[in-house]
Amino acid sequence: PQRQPQRRCRFCEKKPQLRRPKTGHAVCRDCFFWAFEAETHDTIVSSRMFSPGERVAIGASGGKDSTVLAYLLKTLNERHNYGLDLRLLAIDEGIAGYRDDSLDALRRTEVSLGLPLTIFTYRDLYGWTMDEVVRAAGRRSNCTFCGVFRRQALDRGAGHLKADKLATGHNADDVAETVVMNLLRGDAARLSRCADGVTHTGGGLPARCKPLKYAYEKEIVLYAYFKRLDYFATECLYAPAAYRGHARALVKDLERARPAALLHIIQAAEQIRFRTDARMPELDTCRLCGYVSSQPVCKACVLLDGLNSGNPGWLLANPRLVRLSNSSSECLLMLGVIAPNAAVAPAPGAAARDRHALRRRILDDFLNLFFGIAF
Amino acid sequence: CDPDLTEEETAVLTSRLSRQQQHQQQSSLLSGCEKCCQKDNCPVTRVRSAQAVCRQCFLAYCTHQFRAGFGKSQLIRAGERVLVGFSGGNGACALLRLVKQGLAESTHRKLRFTPVFVYIDFATVFNDNGDGPLSGRRAAVLEQFDAHLPVEFERHCLTAAELLPGLSEALAAMTDGTGYRELLHRSVHRCLALASRQFNCSRVLTGETASRLAELTLRSVAQGRLSADSGAFSAIAAGGVCQVRPLRQLTSAETALLSWLAADGLMPVCPRPADPDSPLLNDGQGGGSIPGVIASFLGGLQQSFPATVYNILRTGEKLQSDSVAAGSSSSDSAAAAATPCPACGLSMQQQPSGDDGGNVRSNCNALRALRLSENLARSGDSPEPSTAAAGLWAKEGGRYCYSCSVLLNGCSKRAVLEECLIDADGAD
């Protein structure tokens, strides 16, 4: 049915300036700010997201979601006396023409909000930039590398800052896309936790929070636009081929058909109940780096191993070899070639790459000699 | 063909794909069917295990998938009367063919239930008085019954307008395409449930394929519920009717191929994509609808990622059923204690308590966030919403689950719609 033009803001007597994508309500700018901030405050309070005195690292990229998140948390922290110590945490993946520009925007945000900024780079943590990863592994699975590396980098960065919580700018669109993606790929384990507002990673790492979990992406854009926040708005150069694009297309079409569908999808994931006899992977720690993992060796170590040995794509092209690669890493541990927890505090990049290459060569020679197995 | 790849990368990928594809094709054509290993039997398709199979093996594969469901579930006992819903589509034709084959005297370990075939006619619901597509469909289905059903099988044609008198009015009163399609879907199953009661049948068989069940699972997610019932082999709906989906292991493409390869003259009356003027397939109100969006999305994605449909169903298998009737017969105490929604028979979804003493999940969820956004009221310049959380829920706590509440609120004649959805004789 056609919407009738509204002459008055839903909450006051002023002339409406926008229509909220979430509810369709016609509101003026000030009431929109008030409603958006009130809803975010309600999400934080009702989920008991933070406790007074906590240090919160805000995962910031310079994009709209993290810029709005930083602005909102600072505003609400002062208005409602959360008592939080807020810090900005950024990860530089090393994507020329994209990440360096967004970090410039982030530095301006650091100045305007007065929040201290710390930047960690992939080069420091792993010895590789994303541009180098793409040159080595190709364009087909680069999002797998970046996603795995970034998640661990954020956790390690938050640990370095001694933060109690890590807040990320995931919005309702992101969460709904993740739910749909996990359902399409049959990943029940991730589906069980992807809609949680507060996720405890374990292993002594800070818990992750999503204060913007119920905020629509369009409303975040409107908020950033009307507040004249400084953010960088360009898609990652390597993003177009990602599988998430399919889920995003579906979520956008569903939102067009029925705007509340996004929250319905999140509702479905929050209410999910698994059978008691359903098998789920158990979380443990990686034997190489100590990061939380459901396998003996975490995905980041496996991917890094492939990059350092000159075979970055072999694992992605052969998913059955994941188990084998974990076994090979177990062999390395048993042979004493690698010390457990060797990379809890990551070594400078180049030296780590050389050590990985040497271990790889030793394992290849060993297995070729005794079993005739070649990787 | 990724425009961002370098020439060298493109050449390497292309040569690898070509070699792989060429190898597959050559090996299939030269070596014949990979199932029966007969070189003379030319493969016609690949089944789930990526085996290239010939016509005979494909027909045997479909029969096996159909029979295996009954064998594993042990749902239907010998001599039971079972209602078989026949719509004239791909799945329905496959179901009719497989049931008829399974009940044939010459079949080894033949099925032993008594089928009652029913076609639900929607012509009068849409004022189709004889010259429209739905009347034509009815005539074609009755011809198929005469041509392909043995004389001893019961067959009936029931009118939806007689089973659900207010359906036409309720459909005209739906305010959006999603509610319209959802009501149509529910009314079909409601009519089958009423027919099963009329003909004293304990089970209802429907021709929903794996593709269709995956669509229904995604649809229920988009409307706020994810449970095992949407994609399960059997599900207990409102009224205690047990719906069985014996074609759950076959995709829509496989059932369409089955109709073509069987070559027995039984072809779908209304194959998809169907008559664009058919009121059963449009949204009634124009514009997009959630079922339409999901159907086109899943069809496209399945082409690129053939395991998509099975991934969705496999995830559903790990979930608990929301059916209260199913829960009471199992050890699931939570489902057994739940109040059933009178419209759909599933458990009432968790309502937020609005009480800080409750656990975090009940106090913070998407439903609460949506209700808060819809019911915000500002008093002056106060930074706090004037509607307290407890007040939001005071007028809630109604009879229906959230999904059914949304459906009912989307109809301008709610009372008429309630009569269509809810069983008047209290069997719910």
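## Cavities in the predicted model

A search of the whole structure, which is a predicted model, finds 5 cavities of 30 Å³ or more, a cavity being a set of points on a 1 Å grid over the protein atoms alone where a 1.4 Å probe fits but cannot get out. Volumes here are the space filled by probe spheres set on the points, with grid points joined across faces, edges and corners.

The largest cavity has a volume of about 660 Å³. Its lining, meaning residues with an atom within 4 Å of a point, counts 27 residues, and the closest to the centre are B:Glu182, B:His185, B:Arg186, B:Cys344 and B:Leu346. Two or more lining residues come from each of helix H7 (177–198), helix H8 (210–222) and strand S7 (234–236) of chain B, where helices (H or I, at least four residues) and strands (E, at least two) are DSSP runs numbered from the N terminus. H7(B) contributes the most to this lining, with 6 residues. Sorted by class, the lining of the largest cavity holds 11 nonpolar, 8 polar and 8 charged residues; Ala, Val, Leu, Ile, Met, Phe, Trp, Tyr, Cys and Pro count as nonpolar, Asp, Glu, Lys and Arg as charged, and the others, Gly among them, as polar.

## A cavity lined by both chains

The second largest cavity, with a volume of about 80 Å³, is lined by residues of chain A, including A:Lys22, A:Phe36 and A:Tyr214, and by B:Ala369, B:Leu372 and B:Ser373 of chain B. Helix H1 (29–46) of chain A and helix H15 (366–375) of chain B are the elements that give two or more residues to this lining, and H1(A) gives the most, with 5 residues. By class, the lining of the second largest cavity has 6 nonpolar, 3 polar and 3 charged residues.

## The interface of chain B and chain A

The contact (heavy atoms within 4.5 Å) takes 62 residues from chain B and 56 residues from chain A. Between them the two chains bury about 5300 Å², 61% of it on carbon and sulfur atoms, where buried area is the accessible area (1.4 Å probe) that two parts lose on being put together, summed over both. On the side of chain B, the residues that lose the most area to chain A are B:Lys318, B:Leu376 and B:Arg378, together 12% of what that side buries.

Between chain B and chain A there are 2 salt bridges, each a side-chain nitrogen of Lys or Arg within 4 Å of a carboxyl oxygen of Asp or Glu. A:Arg258 and B:Asp176 meet through their side chains in a salt bridge (3.1 Å, N to O). H15(B) gives the most to the side of chain B that touches chain A, with 8 residues, and by class that side has 30 nonpolar, 18 polar and 14 charged residues.

## Salt bridges over all chains

Over all chains, the search finds 39 salt bridges. In one of them, A:Arg20 pairs with A:Glu219, the closest N and O atoms being 2.7 Å apart. A:Arg20 lies in the loop between strand S1 (18–19) and strand S2 (26–27) of chain A, and A:Glu219 in helix H9 (residues 217–226) of chain A, so the pair ties together parts that are 199 residues apart in sequence.

## Conventions

Residues are numbered from 1 along each chain as its sequence is written, chains are lettered from A and ligands numbered from 1 in the order in which they are written, and side-chain values use heavy atoms, with hydrogens and water left out. In this predicted model, local features need pLDDT of at least 70 and side-chain atom pairs count only at pLDDT 80 or more, whereas totals for chains, interfaces and linings use all residues.

Notes. 1 Å grid on protein atoms, 1.4 Å probe; cavity = no way out; pocket = protein on both sides within 12 Å on 5 of 7 lines; lining within 4 Å.
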